[in-house]
Amino acid sequence: MGQLRWSPYLLSATDKAIQLLKNHFSDGTKRKVLLIMGKGFDVRMNFVIKQIIDLECEIDLTCKLICFDEGSGSTSHQYKSYVDKNYGELTSLINQEKIEEANISLWKEEGNRKRRIGDREAANIIKDFRDIEEYSEIIVDISALPRGIYFSLTGKLLTLIDAQPDKQKKLI
């Protein structure tokens, strides 16, 4: 099998994720990192950002926080207190000025019908290469994101990065 376009790609247990981050950031190079993550109730929401902070490396970190609306009928509203708790923890970890919120709707109501639009809105969070140009690395943390959101988002990021082969970007 050839080289993966999204490398290092990681979907594994906690210890392996921590080791990947340590290995990747261990060379002491100053970096400007964009962490894209979801605002959600999942207890793993802040895992990656905590690990990056614990590395004590020279990392200028910006967090693009995807805030998604699942609609008024979603059962996820019962978990709002967990979302608020995770967000409070996030703002205690990183200066609020370094958090850029991106609001998207997962559904669009048209009369008595609903259609899924979250994937398209997710792809539009990053409009063009200029939105990511200043970052040496882009980390997409999928733990608190719906599958349709992170597939569209990573597809868009890969397309933008592939179109600029002379620019060095790492998508983690």
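This is a predicted model: local features need pLDDT of at least 70, side-chain atom pairs count only at pLDDT 80 or more; totals for chains, interfaces and linings use all residues.
## Sheet

Five strands make up an open sheet, in the order S3-S2-S1-S6-S7, and their pairing is parallel. The edges are formed by strand S3 (99–105) and strand S7 (170–171), each of which pairs on one side only. Strands of a sheet pair through backbone hydrogen bonds, in either a parallel or an antiparallel manner.

Strand S1 (residues 31–38) and strand S2 (residues 59–69) run parallel and are joined by 8 bridges. Within this pairing, Val33 has Leu61 in S2 as its bridge partner.

## Helix H2 on the sheet

Helix H2 (residues 47–54) packs on the sheet, where H2 touches S1, S2 and strand S6 (137–140). The direction of H2 makes about 175 degrees with that of S2.

Four residues of H2 are buried: Val48, Ile49, Gln51 and Ile52. These residues lie on the same side of H2, because the arc they cover around the axis is only 160 degrees. The buried residues of H2 pack against S1, S2 and S6, and also against helix H1 (14–25) and helix H3 (80–93).

Just after H2 comes Glu56, which has a positive phi of about 55 degrees.

## Aromatic pair

The structure holds 1 aromatic pair. Tyr150 and Phe151 form this pair, with 5.1 Å from centre to centre and 50 degrees between the planes. The pair is classed as tilted because its angle falls between the limits of 30 degrees for stacked and 60 degrees for edge-to-face.

Are the two partners buried or exposed? Tyr150 counts as buried because its relative accessibility is 15%, and the cut-off for buried is under 20%. Phe151 is exposed, since its relative accessible area is 52% and the cut-off for exposed is over 50%.

## Thr154 in helix H5

Thr154 is part of helix H5, which covers residues 147–162. With a relative accessibility of 4%, Thr154 counts as buried.

Which backbone atom does the side chain of Thr154 reach? The side chain reaches the backbone oxygen of Phe151, at 3.3 Å.

Notes. Residues are numbered from 1 along each chain as its sequence is written. Side-chain values use heavy atoms; hydrogens and water are left out. Helices (H or I, at least four residues) and strands (E, at least two) are DSSP runs, numbered from the N terminus. Buried means under 20% relative accessible area, exposed over 50%, partly exposed in between (1.4 Å probe, protein chains only). A polar contact is a pair of N or O atoms within 3.5 Å; within protein, one must be able to donate a hydrogen and the other to accept it, and residues adjacent in sequence count only if both atoms are side-chain atoms. Two strands pair if DSSP finds at least two bridges between them. Contact means heavy atoms within 4.5 Å. Axes are lines fitted to C-alpha atoms, for helices over the stretch in contact, and angles run from 0 to 180 degrees between N-to-C directions. The arc is that of the directions from the helix axis to the C-beta atoms. Rings of Phe, Tyr and Trp (its six-membered ring) pair if their centres lie within 6.5 Å; planes under 30 degrees apart count as stacked, over 60 as edge-to-face and the rest as tilted.
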